[in-house]
Amino acid sequence: MIGDGAGEIDPEDLDLPLDDTGDDDEETFTELLDFVEEELSFATSHYNDSYLDRRVSSRMRRTQCDSYESYFELLRREPAEQEALLEALSINVTGFFRNPDVWEGIRTVLRRLSGNGPVRVWSAACADGREPYSLAMLAHDDPEIDESSVYVLGTDISRPALETAREGVYEESRTIDLDEQLSFLDDYQRYVDIDGRRYRIADDVRTNVRFQRHDLINDEPKSGFDLVVCRNLFIYIDNAYKRSMLETIARSLRSSGYLVIGKAETIPPNLQSAFAVREARLRIYQRAEPAATDY
Ligand SMILES: C[S@@+](CC[C@H](N)C(=O)[O-])C[C@H]1O[C@@H](n2cnc3c(N)ncnc32)[C@H](O)[C@@H]1O
């Protein structure tokens, strides 16, 4: 489940395609993806093939299947494997203050926005909530940001992820070092109640944070955001959908609103004119043209 596993990277999961599938039947792979889309209701067509191949290959390795065919057979037969594959396909790796240098950039943006009324922030594809809570903690921590005016909405397509996010309780494990993640802030203990290995987000940090299910491909744009943070999702998405996702985001921003995407992500050429680059290395942009509807 996401609640236990988000952020964990198991060495078995290191995204290496299987070497010995070179001769494997492409057709079987396509059939397998169709099965996952139609029978298991996971929209494989939204994701790029290399991502799907890496995740399927990881399950093949775990189940000792050496061809797509044998794995497809297992998948059709075993409901438990269907669940395991769906879990493997849900991209839930996240963390508090992931890529700390980017968070220094986000701090600068929040400072700039603070002091001019409410600051509306959308953490789109927020996984289990650590990103929106990082935004709220940063607002509390920085004396130049008025935390009472910063409102954070966290959205994701995954219901289990959102359940964890709403609970706001995270567990330390062999592979999740919450102390290290949170130590971006000097005195993070002010913002979490720690009980052994369990970290619970403090009530005052949660006050202005809300969660909602939202599918960036199929749902309507939102509106009026001053800052949208949408990181580490586009890398998995098929190019055909990436553009429409970014359009949804662009339409959700106020004119001159800011956008932060993942450090390994890029804005497609045909949308570049919609955003001015503010910090190229940190992937921080600002909406360039006036919004069609400015709220
Ligand atoms: C790798 S996580 C990124 C989490 C966080 N933004 C970060 O950078 O740490 C990607 C998230 O995108 C979500 N996701 C996948 N497809 C989506 C879609 N169509 N709409 C909204 N969220 C989606 C997944 O459920 C997952 O929680």
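Helices (H or I, at least four residues) and strands (E, at least two) are DSSP runs, numbered from the N terminus. Before going on: this is a predicted model, in which local features need pLDDT of at least 70 and side-chain atom pairs count only at pLDDT 80 or more, while totals for chains, interfaces and linings use all residues. Residues are numbered from 1 along each chain as its sequence is written.

Two strands count as paired if DSSP finds at least two bridges between them. On β10 there is also an antiparallel pairing with β9, over four bridges; there, valine 277 has tyrosine 285 in β10 as its bridge partner.

β8 (residues 253-261) also pairs with β7 (residues 225-230), in the parallel sense, over five bridges. Between β7 and β8 the chain passes through helix α11 (residues 239-252), and this β-α-β crossover is right-handed; that is, with the strands pointing away from the viewer, the path from the first strand over the helix to the second runs clockwise.

These strands belong to an open sheet of seven, in the order β6-β2-β1-β7-β8-β10-β9, with mixed pairing. At the edges are β6 (209-213) and β9 (275-279), each with a single partner strand, so one side of each has no neighbour in the sheet.

There is another open sheet, of three strands, ordered β3-β5-β4 with antiparallel pairing. Three bridges join β3 to β5 (residues 198-201), and valine 169 stands opposite arginine 200 in β5.

Now the helix pair. α2 (residues 26-39) and α4 (residues 68-77) pack at about 20 degrees, with axes 9 Å apart. Axes are lines fitted to C-alpha atoms, for helices over the stretch in contact, and angles run from 0 to 180 degrees between N-to-C directions. α2 and α4 are therefore roughly parallel, the label for angles under 35 degrees.

Last, the ligand. How many residues surround the ligand? The count is 21, and the closest are Thr94, Ala125, Ala127, Leu216 and Asn232. A residue is near a molecule if its C-beta atom, placed from the backbone, lies within 6 Å of it. By class, the shell has 10 nonpolar, six polar and five charged residues. Ala, Val, Leu, Ile, Met, Phe, Trp, Tyr, Cys and Pro count as nonpolar, Asp, Glu, Lys and Arg as charged, and the others, Gly among them, as polar.

Methods. Angles under 35 degrees count as roughly parallel, over 145 as roughly antiparallel, 65 to 115 as roughly perpendicular and the rest as oblique.
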